[in-house]
Amino acid sequence: MMSKSSAARLSEPTPTPSASACGAADALLRASSECVHQHERLGRALELACSDGELHHVAQCTELAHKYLESSTAAYDKTATAAPEAKDQAWWHAANGLWNASNRFLKRTAGTDHVSRLAGKHSKEKLSELAMEYELERSALMALKHAVEDYGAARTAK
């Protein structure tokens, strides 16, 4: 005998590629929004000079948000390419902007982490390079935040 949940799944129609891409874009929105939130939270914690223990936990949450963003970005990429019929819809263009901003942000944070590790004892030149990397990361975070707002607006206008 089949369980009720199995029977319900069998009776539900398979989503169209466009619907799958839209669902993946919505998941990307949630992941991006959480990543922005965690970075802003980390910034506030640093401004408040929180304890090392609290900063460690906030940093762990931020890292988890990055992993969520990475997987959501990859999932959207996979589903969006399989949905060419969605290209005429406003949400698709906004979702691609969100995907692009997510990719740039992830690459920028990876670059900052790389420069931080290589810097070791920070020379004046390395500190300048590190400061520039952090400014570029902040800019990528702001672009991600704007892309979150744009996609959210496109989805509510639907």
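**View 1. The surface of the predicted chain.** Of the 158 residues, 32% count as buried, meaning under 20% relative accessible area, with exposed set at over 50% and partly exposed in between (1.4 Å probe, protein chains only). Because this is a predicted model, local features need pLDDT of at least 70 and side-chain atom pairs count only at pLDDT 80 or more, while totals for chains, interfaces and linings use all residues. Residues are numbered from 1 along each chain as its sequence is written, and side-chain values use heavy atoms, leaving out hydrogens and water.

**View 2. The chain as a set of helices.** Here you can follow five helices and zero strands, in the order α-α-α-α-α along the sequence. Helices (H or I, at least four residues) and strands (E, at least two) are DSSP runs, numbered from the N terminus. Of the contacts between residues at least 6 apart in sequence, 75% link residues at least 24 apart; a contact means heavy atoms within 4.5 Å.

**View 3. Asp-26 in helix α2.** Look for Asp-26 within helix α2, which covers residues 17–47. Asp-26 is buried, at 17% relative accessible area. Setting aside neighbours within four places in sequence, Asp-26 contacts Tyr-151 and Arg-155.

View 4. The structure holds zero disulfides, a disulfide being a pair of cysteine sulfur atoms within 2.5 Å.
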